[in-house]
Amino acid sequence: GGAVGWVNSDGGAWLYSTDTVTGGDGFSDVSVSASLSFDLTENLSISPFVSYTALIEDAKDSTGGDNEEIFGGVNLSFSF
């Protein structure tokens, strides 16, 4: 999966305590993720995932850095 974030100047000011992108409006972040689902039983499945997210263009985090993160986890699903 993947996503690209876009904010206006009001959203940038609220999220990042400053205009996110020079001129106010613009793209702010990008993320990609991958997961794989395994059935453990007829009603129970597990899906490990890994994701990458980064601020793009002129977007900065609250400390002024170009933040990048790689993280992962596990989703557990039960159906009845």
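Me: How many buried residues are there among the 11 residues of strand E5 (residues 68-78)?
Reply: Start with the terms: buried means under 20% relative accessible area, exposed over 50%, and partly exposed in between (1.4 Å probe, protein chains only). Helices (H or I, at least four residues) and strands (E, at least two) are DSSP runs numbered from the N terminus. In this case the count for strand E5 is zero, so the strand is hardly covered. Please keep in mind that this is a predicted model, where local features need pLDDT of at least 70 and side-chain atom pairs count only at pLDDT 80 or more, while totals for chains, interfaces and linings use all residues. Residues are numbered from 1 along each chain as its sequence is written, and side-chain values use heavy atoms, with hydrogens and water left out.

Me: What share of the 80 residues in the protein is buried?
Reply: Buried residues account for 20% of them. The accessible surface of the protein is about 5,600 Å², and carbon and sulfur atoms hold 56% of that surface. These areas come from the Shrake-Rupley method with a 1.4 Å probe; for residues, only the protein chains shown count as cover.

Me: In which order do the elements of the protein run from the N terminus on?
Reply: The order is β-α-β-β-β-β, made of one helix and five strands.

Me: Which strand pairs with E5, and in which sense?
Reply: Two strands pair if DSSP finds at least two bridges between them. Strand E4 (residues 44-55) and E5 have 11 bridges, in the antiparallel sense. For a landmark, find Ser45, which stands opposite Ser77 in E5.

Me: Is Ser45 buried or exposed?
Reply: Ser45, found in strand E4, counts as buried because its relative accessibility is 13%. To see what surrounds it, look at contacts, meaning heavy atoms within 4.5 Å. Leaving aside neighbours within four places in sequence, Ser45 is in contact with Ser37, Phe38, Asp39 and Leu40, and also with Asn75, Leu76 and Ser77.

Me: And which residues does Ser51 touch, not counting those up to four places away in sequence?
Reply: Ser51 also has its place in strand E4, and it is buried at 11% relative accessibility. It touches Val32 and Ser33, together with Glu69, Ile70 and Phe71.

Me: How many aromatic pairs does the structure hold?
Reply: Rings of Phe, Tyr and Trp (its six-membered ring) pair if their centres lie within 6.5 Å; planes under 30 degrees apart are stacked, over 60 edge-to-face, and the rest tilted. The structure holds two such pairs. One of them joins Phe49 and Phe71: the ring centres are 6.5 Å apart and the planes stand at 85 degrees, so it is edge-to-face. Because Phe49 lies in strand E4 and Phe71 in strand E5, this pair ties together parts 22 residues apart in sequence. Phe49 is partly exposed at 25% relative accessibility, and Phe71 is partly exposed at 41%.

Me: What is the partner of E4 across the seven bridges that join it to E2?
Reply: It is E2 itself, and the two strands run antiparallel. Look for Val32, which stands opposite Tyr52 in E4.

Me: In which sense do E1 and E2 pair?
Reply: They are antiparallel too, over six bridges. Here Trp6 stands opposite Phe27 in E2. Val7, found in strand E1, counts as buried because its relative accessibility is 10%. From Val7 to Asp29 the C-alpha distance is 9.3 Å, across 22 residues in sequence.

Me: Which residues make the nonpolar surface patch?
Reply: Patches are made of residues with over 30% relative accessible area and no salt bridge; like charges are joined within 9 Å, nonpolar side chains (Val, Leu, Ile, Met, Phe, Trp, Tyr) within 5 Å. A salt bridge is a side-chain nitrogen of Lys or Arg within 4 Å of a carboxyl oxygen of Asp or Glu. Here Val4, Trp6 and Phe27 make a patch of about 330 Å². Phe27, in strand E2 (residues 26-35), is partly exposed at 39% relative accessibility.

Me: Where does Asn8 lie?
Reply: Asn8 sits in the loop between strand E1 (2-7) and helix H1 (9-16). It is partly exposed, with a relative accessible area of 34%. The C-alpha atoms of Asn8 and Gly26 are separated by 6.4 Å, though the residues are 18 apart along the chain.
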